[in-house]
Amino acid sequence: MQFYTDVIAGLQAEPKHLNSKYFYDANGDKLFQELMNCPEYYPTNCELEIFSEKTAEICDALIADGDAFDLIELGAGDATKSSYLLKYLLDKQADFTYLPIDISDNVISYLNITLPVTLPGLKITGLNGEYFEMLKKAAAISPRRKVVLFLGSNIGNMPLDGAIEFCRELRNNLSAGDMVLIGMDLKKDPRVILAAYNDKDGITREFNLNLLRRINRELHADFDVSKFEHYPTYDPETGACKSYLISLEDQQVTIGNEKVDFKKDEYIYMEISQKFTLMQTDQIAINTGFQPVGQFFDTKKWFIDAVWVAA
């Protein structure tokens with residue numbers, strides 16, 4: 001089982017780490033929805049503002065010459081933001097098919113069932129799996145122009161070199177003239193950023209600890225969650241916002257057939273939320289085979305949805 005293999009490899013490494021893609025079981029999905037609704041967590045509201053206030057301009061950029069296209073969303077979630085685009089494109093009678101991609105089959109089942117009801121006339125083919133595997137599948141489904149949505153600053157969930165490598169691989173899976181709309185969280189007041197990952201209601205804390213509970217449940221482990229504490233940091237120089245779980249005492253945890261020792265104050269690296277300068281967003285595009293052709297901001301200019309064309 002890949003989950004078990006990845007957890008054991010991560011916790012036997014130095015330093016210890018867990019893969020953030022495993023946050024999203026049913027309870028993790030629920031906690032993340034709560035997190036997006038808490039007042040300190042600004043990225044969702046910033047991007048929602050962009051999508052709700054600039055729907056027409058974004059769609060006009062994506063429609064381009066008016067040819068038929070596949071609208072592919074990586075990590076679709078509940079499609080709240082993309083629904084603004086879907087509705088507008090349907091109203092404009094654009095010729096497109098929506099292909100949401102998500103690692104959660106719960107998410108894909110939900111979208112396949114609900115979106116055709118809430119958006120009559122929508123052509124949808126949900127794809128459950130890893131991004132690049134499903135992009136290859138999407139290319140096999142139809143030869144039409146691809147427009148890829150990668151929203152919510154999901155690109156920030158990797159270190160900077162990883163983000164660049166991801167964009168390069170994304171370009172490798174596209175053809176010249178294909179398009180990407182990518183959401184990126186911009187650098188701003190460090191206090192605003194840190195508060196978003198250390199909310200006063202402790203939802204981010206629960207979101208991180210929930211992964212230990214999932215390991216207990218699915219991998220027959222015995223983590224005592226009360227013996228770990230959530231610790232976030234933000235470095236305004238690099239733009240890296242990181243989350244850790246800190247062991248509060250010397251302890252040993254059993255996971256399946258393996259035992260893992262923790263020293264007091266030892267950390268598990270959980271995730272990164274990278275923040276970017278405006279110049280970096282253009283540089284990443286150019287360095288990975290794209291041409292930046294459009295930029296959409298919220299009123300505070302805290303967040304950008306950038307349009308890139310595959311060169």
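Me: Start with the domain interface. How many salt bridges are there between domain 1 and domain 2?
Reply: The count between domain 1 and domain 2 is 0 salt bridges. Keep in mind that this is a predicted model.

Me: How many residue pairs are in polar contact across that interface?
Reply: The rule finds 1 residue pair in polar contact between domain 1 and domain 2, with both residues at pLDDT 80 or more.

Me: On the side of domain 1 that touches domain 2, which strand gives the largest share?
Reply: Strand S11, residues 267-274. S11 supplies 3 residues of that side. By type, the side of domain 1 that touches domain 2 has 3 nonpolar residues, 2 polar and no charged.

Me: Back up a bit. Where are the two domains in the chain?
Reply: The domain assignment puts domain 1 at 1-11 + 196-274. Domain 2 is 42-186 + 277-310.

Me: What separates their centres?
Reply: 30 Å, taken over C-alpha atoms.

Me: And how many residues are in contact?
Reply: 5 residues of domain 1 are in contact with 9 residues of domain 2.

Me: What area is buried between domain 1 and domain 2?
Reply: About 520 Å². Carbon and sulfur atoms give 51% of that.

Me: Which residues of domain 1 lose the most area to domain 2?
Reply: Ala196, Ile272 and Gln274. Together they make up 77% of what the domain 1 side buries.

Me: New topic, sheets. What is the strand order in the open sheet of 7 strands?
Reply: The order is S4-S3-S2-S5-S6-S13-S12, and the pairing is mixed.

Me: Why is one side of S4 and of S12 left without a neighbour in the sheet?
Reply: Strand S4 (127-128) and strand S12 (290-297) stand at the edges, and each has a single partner strand, so one side of each has no neighbour in the sheet.

Me: Do S2 and S5 run parallel or antiparallel?
Reply: Parallel. Strand S2 (residues 69-74) and strand S5 (residues 145-150) are joined by 5 bridges. In S5, Leu149 stands opposite Glu73.

Me: Now the backbone. Is the peptide bond from Glu14 to Pro15 cis or trans?
Reply: Cis, with omega near 0 degrees. Pro15 is in the loop between helix H1 (2-11) and strand S1 (16-17).

Me: Is the phi of Ala64 positive or negative?
Reply: Positive, about 55 degrees, although Ala64 is not a glycine.

Me: Where does Ala64 lie?
Reply: In the loop between helix H4 (55-63) and S2.

Key: Residues numbered from 1 in each chain as written. Predicted model: local features only at pLDDT ≥ 70, side-chain atom pairs only at ≥ 80, totals over all residues. Heavy atoms only, no water. Domains from an automatic or database assignment. Contact = heavy atoms within 4.5 Å. Buried area = accessible area lost by both parts, 1.4 Å probe. Salt bridge = Lys/Arg side-chain N within 4 Å of Asp/Glu carboxyl O. Polar contact = N/O pair within 3.5 Å; in protein donor to acceptor, adjacent residues only side chain to side chain. Helix = DSSP H or I, 4+ residues; strand = E, 2+ residues; numbered from the N terminus. Nonpolar A, V, L, I, M, F, W, Y, C, P; charged D, E, K, R; others polar. Pairing = 2+ DSSP bridges.
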